[in-house]
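Hi,

Here is the structure I promised to pass on.

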Amino acid sequence: MKKIKIAIIGLGNCASSLIQGIHYYKNKTEKDAIGLMHWKIEEYSPSDIEVVAGFDVDKRKVGKTIDKAIFSEPNCTTVFQKDIPSSDVKVSMGPVLDGVAEHMKDFEDKYTFVVSDEKPVDVVEVLKNSGAEMAVNFLPVGSEEATRFYAQACLNAGVAFINCMPVFIASNKEWSLKFEEKGIPIIGDDIKAQIGATITHRALAHLFNQRGVKLERTYQLNTGGNTDFLNMLNRERLDSKKESKTQAVQAVLDKPLDPHNVHIGPSDYVPWQKDNKLCFLRLEGHTFGDVPMNIELRLSVEDSPNSAGCVIDAIRCCKIAINRGIAGELSSISSYIMKHPANQHTDDEAAQMVENFINGNLER
């Protein structure tokens, strides 16, 4: 059976977890495989994914083979699969554009990006020569120009695009139409973790709705110590991130909250947390007899493996779409694993849509 050939844009913690997972599940069976939403999607298991190209801008990764780059600084996620087979694929230098925030240079090298002085490659040419069928975008939050550059490169190379960060490409009609016209699928935008801050917040907000409790105020505060949280210290890069996360929660309510009564977004960078993310949720409302109540929750999770568990399904659903000749935004998997799909659905509805898509009972 043919491999699913992917390119990865940004060889950071998320890419490290994804690649570790591809090899971790290679010697597992369905009975002893923990952490997957689907063991197989059609005939494809996690180990059927092959990374054939990678792009980064950090000098500690550019020019290294994929198996070495994913363990290079500033990556700090948990290593759950040490043995990664040697790869012939070297990380290519991508264009920096707005991918590196100015304030990142004020921190120690082991925590931040160190930009290579290599000349950027021709991304379209590398994609074409690699044989990649799709590209997975793991660029830092706020990389608006860089994400649009890679999206266009995928269009030019005839490669599908899985947009895991909050620049609105798949959910933008103009962009999704471009992919549809080129005959290739797109999934996005902004990855939602398996059990992360957004999915948990949505579940609790939906529970209030279902149980007749009036939700009046809520917040979600997050801290972490990876480059993602360091990058997000620049609040000017957060507009689309805050919109994506806030809309994901507001979408499950019958009536959206007043903007002054909902606060959702990154809060601070704590270096010693590394890739561990702490989320603090509070929901306030009124129940029977207009009596006040509230819920407070603290969630601790390794951030990057949490997202990789969803990306591994996105890749396989994208491959199904390619096999079936489906183009444009894949609404089922986008609604299920992304914070900002073109059309929001409840998580139960989206999960059923994915099953219907996999079984061939839903076009996209």
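Contact here means heavy atoms within 4.5 Å. This is a predicted model, where local features need pLDDT of at least 70, side-chain atom pairs count only at pLDDT 80 or more, and totals for chains, interfaces and linings use all residues. Residues are numbered from 1 along each chain as its sequence is written, and side-chain values use heavy atoms, with hydrogens and water left out.

I began with Lys-277, which sits in strand E9 (residues 276-287); strands are DSSP runs of E with at least two residues, helices runs of H or I with at least four, numbered from the N terminus. Lys-277 has no salt bridge, and its nearest side chain of opposite charge, Asp-303, is 4.3 Å away; a salt bridge needs a Lys or Arg side-chain nitrogen within 4 Å of an Asp or Glu carboxyl oxygen. Leaving aside neighbours within four places in sequence, the contacts of Lys-277 include Phe-229, Lys-245 and Asp-303.

One cavity of 30 Å³ or more turned up, that is, a set of points on a 1 Å grid over the protein atoms alone where a 1.4 Å probe fits but cannot get out, with lining residues having an atom within 4 Å of a point. The largest cavity holds about 780 Å³, a volume being the space filled by probe spheres set on the points, which are joined across faces, edges and corners. Its lining has 48 residues, with Cys-14, Phe-138, Leu-139, Pro-140 and Asp-228 nearest the centre.

Best wishes

Notes. On a 1 Å grid over the protein atoms alone, a cavity is a set of points where a 1.4 Å probe fits but cannot get out, and a pocket is an open set with protein on both sides within 12 Å along at least five of seven lines; lining residues have an atom within 4 Å of a point. Buried means under 20% relative accessible area, exposed over 50%, partly exposed in between (1.4 Å probe, protein chains only). Lys and Arg count as positive and Asp and Glu as negative; His and the chain ends are not counted.
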